Amino acid sequence: MDSRFKKLKIVGAAALIAAGLSGQALAATCGNNSSGFTTWVGQFKQEATRAGITQSTLDKAFRNVRYATKTISADRNQKSFKLSFDQFMRKRGASTIISKGKRLKQQNASLFAAIEKKYGVPAGPLIAIWGMESGFGSFMGNQHTVSAVATLAYDCRRSAFFTEQLYALMQLIQKGWLSPDFKGAAHGEIGQTQFLPANVARFGVNGDGSGGVNLGSKADALASTANFLRGHGWRRGGGYQPGESNYRAIQGWNAAGVYQKAIAKIGAEIDG
């Protein structure tokens, strides 16, 4: 098990989205540069204590927090989503994902069969997401997660959305499920298929019989991804190309149309 990941027990996961996680209104004022970040953190911590986050958790979580300039840069420069579909596929290395994905489907046939039996999601779209999100687990991020999520919650561009993620992250840390100094991707994503903190609570499941959830594990990450898709309307046996019944579930994974089409195309190639 990747040492950055603790086993995440699912019991009481609904509690993670309590304590004002959904729709929590902050008095803290957002900003578009680093100048107000320290003040915002202080305001957030005051609000968070009233929402049930302990002072000890906040002290640990924000001990090494900083304004994440790399996260802001990544958030401001997501140029690949503005490419044409063909350009996007080439930039993302779709042909490599397809060829390696076919091999991984064969090598992990029993895992994918078990996931499809339970969740109704075939291997193709799961492998497409796995390959596109982390290169099949080869790189899951090296950014300080609390800093990344706090910076995006402070930033005015998507403050409400990432404030929800920050509350979820505080709950994960408070439960002891993630280290305060956990490192992940630039927007706070976790694991081999890059779940945001709130989705860890909502859709994280065990895929290997270990009794916990470790999204650094391929089995847990892929099963959790299938659970996410099912939770977004996936129906067993339905198609998942644009215009088909399960494409809407793929749209729930990523808001960018070019990304959605890539998952569908790569998945179809892998599924044959």
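## Salt bridges, core and backbone in a predicted model

Asp75 is buried, as its relative accessible area is 3%.

The side chain of Asp75 forms a salt bridge with that of Arg157, with an N to O distance of 2.7 Å. This pair joins distant parts of the chain, 82 residues apart: Asp75 belongs to helix H3 (residues 69-76), whereas Arg157 sits in the loop between helix H8 (145-154) and helix H9 (159-174). Arg157 is partly exposed, at 46% relative accessibility. A salt bridge also connects the side chains of Asp75 and Arg76, at 3.5 Å from N to O. Arg76 is partly exposed, with a relative accessible area of 38%. These residues are part of a network of salt bridges that links Asp75, Arg76, Asp155, Arg157 and Arg158.

In total, the structure contains 9 salt bridges. Three of them are set out below.

| Salt bridge | Distance (N to O) |
|---|---|
| Arg50 and Glu47 | 2.7 Å |
| Arg76 and Asp75 | 3.5 Å |
| Asp75 and Arg157 | 2.7 Å |

Arg50 is exposed, at 59% relative accessibility.

The report now turns to the nonpolar interior. In soluble globular proteins, nonpolar side chains tend to be buried together. The largest nonpolar core in this model comprises 76 residues, and the members with the most contacts inside it are Trp40, Phe44, Phe62, Leu166, Met170 and Ile266. When neighbours within four places in sequence are set aside, Leu166 is in contact with Trp40, Phe44 and Phe62, as well as with Val149, Ala150 and Ala153.

Phe136 has a phi near 60°, a positive value in a residue other than glycine. Phe136 is placed in the loop between helix H7 (123-134) and strand E1 (143-144). Since its relative accessibility is 13%, under the 20% limit, Phe136 counts as buried. Gln194, which is not a glycine either, has a positive phi of about 65°. The loop that holds Gln194 runs between strand E2 (183-184) and helix H10 (197-203). Gln194 is also buried, with a relative accessible area of 10%.

Definitions and conventions: Residues are numbered from 1 along each chain as its sequence is written. This is a predicted model: local features need pLDDT of at least 70, side-chain atom pairs count only at pLDDT 80 or more; totals for chains, interfaces and linings use all residues. Side-chain values use heavy atoms; hydrogens and water are left out. A nonpolar core is a set of buried Ala, Val, Leu, Ile, Met, Phe, Trp, Tyr and Cys residues joined through side-chain atoms within 4.5 Å. Buried means under 20% relative accessible area, exposed over 50%, partly exposed in between (1.4 Å probe, protein chains only). Contact means heavy atoms within 4.5 Å. Helices (H or I, at least four residues) and strands (E, at least two) are DSSP runs, numbered from the N terminus. A salt bridge is a side-chain nitrogen of Lys or Arg within 4 Å of a carboxyl oxygen of Asp or Glu.
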